[in-house]
Amino acid sequence: MVTTRKESASADNTSLEGARVLIVEGRYYEALADELLAGARAVLTAAGVEVEVITVPGALEVSVAAEIALDAAEFNGTAVDAVVGLGVVIRGETYHFEIVAGESARGLMDLGMAHALPVGNGILTVDTEAQAWERARITEGNKGGGAAEAALSLLRLKRRLEA
């Protein structure tokens, strides 16, 4: 039987016992943020991991807040095993879209690389609100859930390779 790469990755049964996942959500678009968060929470809850949520104004603040939370967790002796960044950036009439879209993605990537930390990027970068809803709705694109699945997949890989 042929399996897709997604099926192969989700077949990894490496334990996530005791894992703590941080969700940092940009809430510039409140209703869309609610849907992304619901999708991410559902996946993480089903995986049995502990979830903490931090809310920030928008997508640009997501990676900075995650870095602050990681520093605080280290100071307090509480590990963060993975991060899920959520937010929405909708193209407007100015160049600001490109800056926010690119820098929010770069910030999450830099965070993961600097800390060897599993990160799921659920920051939608779209042209229209309709596109954002298609991607955010749990019953459609469920990109919040997809970002959580990506973070968990990387966490399983990390745990398997470190074992």
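Let's start with a pair of helices: H2 and H6 cross in a right-handed way. This comes from a predicted model. Two packed helices can be described by the angle between their axes and by how far apart those axes are. Here, helix H2, covering residues 30-47, packs against helix H6, residues 143-162, at an angle of about 40°. Their axes lie 6 Å apart.

Which residues make the contact? From H2 come Leu 36, Gly 39, Ala 40, Val 43, Leu 44 and Ala 47. H6 contributes Lys 143, Gly 144, Gly 145, Ala 148, Glu 149 and Leu 152. Sorted by class, the contact has seven nonpolar, three polar and two charged residues.

## The whole protein

The protein has six helices and four strands. Read from the N terminus, its elements follow the order α-β-α-β-α-β-α-β-α-α. The radius of gyration is 15 Å, close to the 15 Å that the globule rule gives for 163 residues, so the protein is as compact as a globular protein of that length. Along the principal axes, the C-alpha trace spans about 50 × 45 × 25 Å.

## The largest pocket

How do we find empty space in a structure? Rolling a probe the size of a water molecule over the atoms shows where such space is left.

The largest pocket has a volume of about 260 Å³. It is lined by 16 residues, and Tyr 28, Tyr 29, Val 89, His 96 and Val 100 are the closest to its centre. Strand E3 (82-90) and helix H4 (96-115) each give at least two residues to the lining. By class, this lining has 10 nonpolar, four polar and two charged residues.

Technical notes:
Residues numbered from 1 in each chain as written. Predicted model: local features only at pLDDT ≥ 70, side-chain atom pairs only at ≥ 80, totals over all residues. Heavy atoms only, no water. 1 Å grid on protein atoms, 1.4 Å probe; cavity = no way out; pocket = protein on both sides within 12 Å on 5 of 7 lines; lining within 4 Å. Points joined across faces, edges and corners; volume = space filled by probe spheres on them. Nonpolar A, V, L, I, M, F, W, Y, C, P; charged D, E, K, R; others polar. Axes fitted to C-alpha atoms, helices over the stretch in contact; angles between N-to-C directions. Left-handed = near helix turned anticlockwise from the far one by under 90°. Contact = heavy atoms within 4.5 Å. Rg over C-alpha atoms; globule rule 2.2 N^0.38 Å.
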